[in-house]
Amino acid sequence: MSNVNGKVLKHGTQTRTMHWIHLLAFIILGLTGIGFYWDIGGIASIFGGEANASLVHRWTGVVFIVGPLLYILLNFDRFSRFIDTISHFSKDDFAWLKVMGGYLPFLKVDEVPAQDKYNAGQKILGWLIIIGCLLVILTGFPMWLWRHSVPAVFLAFCYDVHFWTAIVLILLVLGHFFLAAIHPKSRVEFSSMMLDGYIDAEITAHHNAKWFAELKESS
Amino acid sequence: MKLFHENEGITRRQFFKGAGMLTVAAVISGIFAKFGFDVFAASDDYITQRVAGLYTLDESMAIRKSHENPEIIQIYKDFLSPGKLVCVSPKAHHLLHTKYGQDIPGFIAELKNPHYVPEAEPAANEETSAEEPAA
């Protein structure tokens, strides 16, 4: 690992606030949703019974939409940079995917290809979360507001898409949590998003070499 | 300790990517919402027309209340409460009321044997007369 001193501000205050709001909303939505689907009375009881849990699920869904939407409108530059980063896949990203960033114990890797602010796995996760969120949002509203007017087949389709997308999102978020908070190679990322936003420059120089080169050039 | 920060502002490419992403999301949501609102409006329109149709049909009927129907009144006078008009006579109760639960075995026995007499028929003098209400 290169010997670089200093700290990098990876995630600004508003980004971290949005991430916290989205995370808390996601946990509440996931819990209540699982409670509805498998009819788990214990989960509904936490939220004051099934009727209240249903209300909590719907209005937390509104927070789940409004939180990131406000962030995007108030921080359009950050959002644009994020979209630009995750939509740019270079040869290094494909090379990173071939070796899975060196995260898999049975894949021996000498050197992991240099990455942007987000590595190829994070870029894919970003797209999956954007698409998944759009799907649960778009299928959630007909189930709430138009359940008595849309065709039954369409409503059943919405329920299926909503459920399976939520399951995929929950699994993705669990994987994201494991890599960002538990895995010894990458758990240093945790505090940069959940606490003060800073990460050691030395770690950034190693994990996000391309981005760090830009930072050094501009500072 | 040296602190590294990202540059503020965005390039033209970043702007177009961010704006494009927002536009695509807005267009998809808009199309979906348009479909939903159209279906909702169509459903609302159908319900309004259906209600209007039912009221129109009802208003065009010569007899609009079952207890004022001369044929029903005649059936009560001739058969269900012979000679008088008793709204819930024992025979009307026995023939017209739904059987369920513990009544079902007796009902099946009655169907098999027309002369079967049910054990617990309400007595005639316990019923309320439409013409002579109980004091």
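Three strands make an open sheet, in the order β2(A)-β1(A)-β1(B), with mixed pairing. Strands here are DSSP runs (E, at least two residues), and helices are runs too (H or I, at least four residues), both numbered from the N terminus. Two strands pair if DSSP finds at least two bridges between them. The edges are β2 (198–200) of chain A and β1 (3–4) of chain B; each has a single partner strand, so one side of each lacks a neighbour in the sheet.

This is a predicted model: local features need pLDDT of at least 70, side-chain atom pairs count only at pLDDT 80 or more, and totals for chains, interfaces and linings use all residues. Residues are numbered from 1 along each chain as its sequence is written, while chains are lettered from A and ligands numbered from 1 in the order in which they are written.

Now the join between chains. Strand β1 (residues 7–9) of chain A runs parallel to β1(B), and two bridges link them. V8(A) sits opposite F4(B) in β1(B). Chain B has four helices and one strand. Its pattern along the sequence is β-α-α-α-α.

Step back to the wider interface. In it, 24 residues of chain A are in contact (C-beta atoms, placed from the backbone, within 7 Å) with 25 residues of chain B. On the chain A side, β1, α4 (76–86), α6 (120–145) and α10 (209–218) each give two or more residues. The largest share, seven residues, comes from α4(A).

Note on methods. Two residues are in contact if their C-beta atoms, placed from the backbone, lie within 7 Å.
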